[in-house]
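Hi,

Here's the structure I promised to hand over. Have a look at it first, then read on for what turned up.

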Amino acid sequence: MGKTGSLDSFGTILSGLAKRLGLESRLLELRLQHHWREIMGEPIASHTWPDQIRFKKLYLIVQNSVWLQQLTFLKPTLLARLNAEAGQDLVTEIVLRVGQLPSPDQQVSLSVPSNAPTTASPEDLAEVSAHAAAVHDADLRTRLTEVMAEALARPNRS
């Protein structure tokens with residue numbers, strides 16, 4: 001009898017796909033926004049918001065200049081927490097900006113993908129379909145295809 005190949009977990013497949021498509025930092029950004037309080041703890045999380053990750057820099061909105069000054073000294077600790085959450089060094093620098101924090105209602109809606117129609121190229125759609133073809137569940141395959149196509153259609157992918 002022939003030797004059967006090993007099966008990869010769904011998480012391993014998605015992780016490899018995210019890396020191949022360059023979506024790791026965007027996925028980390030969404031995970032940070034969704035779980036910010038658990039990752040940073042209440043005192044820091046209630047005065048900050050992870051706005052975006054671009055070119056391995058986390059742009060962190062800070063409530064006021066007092067918190068900005070305090071967090072300047074905590075950057076190494078914050079970076080260690082972030083990269084521990086990511087499981088690798090996806091963030092190498094934190095850029096602090098004083099700004100308006102989103103309300104709790106807005107924070108939830110920021111982390112949910114929009115239902116805007118995608119305009120991914122036919123080549124991207126073909127690649128996405130090829131990657132999703134291994135998923136046996138039709139509903140899951142369809143949703144995975146939509147999510148990947150939407151990510152590829154975004155104009156400012158990092």
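**Helix H4 and the sheet**

Helix H4 (residues 65-86) lies across E1, E2 and E3, at about 155° to E3. Here helices (H or I, at least four residues) and strands (E, at least two) are DSSP runs, numbered from the N terminus. Angles run from 0 to 180 degrees between N-to-C directions, with axes as lines fitted to C-alpha atoms, for helices over the stretch in contact.

A quick note on the source: this is a predicted model, where local features need pLDDT of at least 70, side-chain atom pairs count only at pLDDT 80 or more, and totals for chains, interfaces and linings use all residues. Residues are numbered from 1 along each chain as its sequence is written, and side-chain values use heavy atoms, leaving out hydrogens and water.

Back to H4: its buried residues (under 20% relative accessible area, 1.4 Å probe, protein chains only) are Leu71, Leu78, Leu79, Leu82, Asn83 and Ala86. They pack against H2, helix H3 (42-45), E1, E2 and E3, with contact meaning heavy atoms within 4.5 Å. Just after H4, Gly87 has a positive phi of about 85°.

The sheet itself is open, with 3 strands in the order E1-E2-E3 and mixed pairing; strands pair if DSSP finds at least two bridges between them. Strands E1 (48-54) and E3 (93-98) sit at the edges with a single partner strand each, so one side of each has no neighbour in the sheet. E1 pairs with E2 (residues 57-62) in the antiparallel sense over 6 bridges, and Pro50 has Leu60 in E2 as its bridge partner.

Cheers

Key
Buried < 20%, exposed > 50% of the residue type's maximum accessible area, 1.4 Å probe, protein only.
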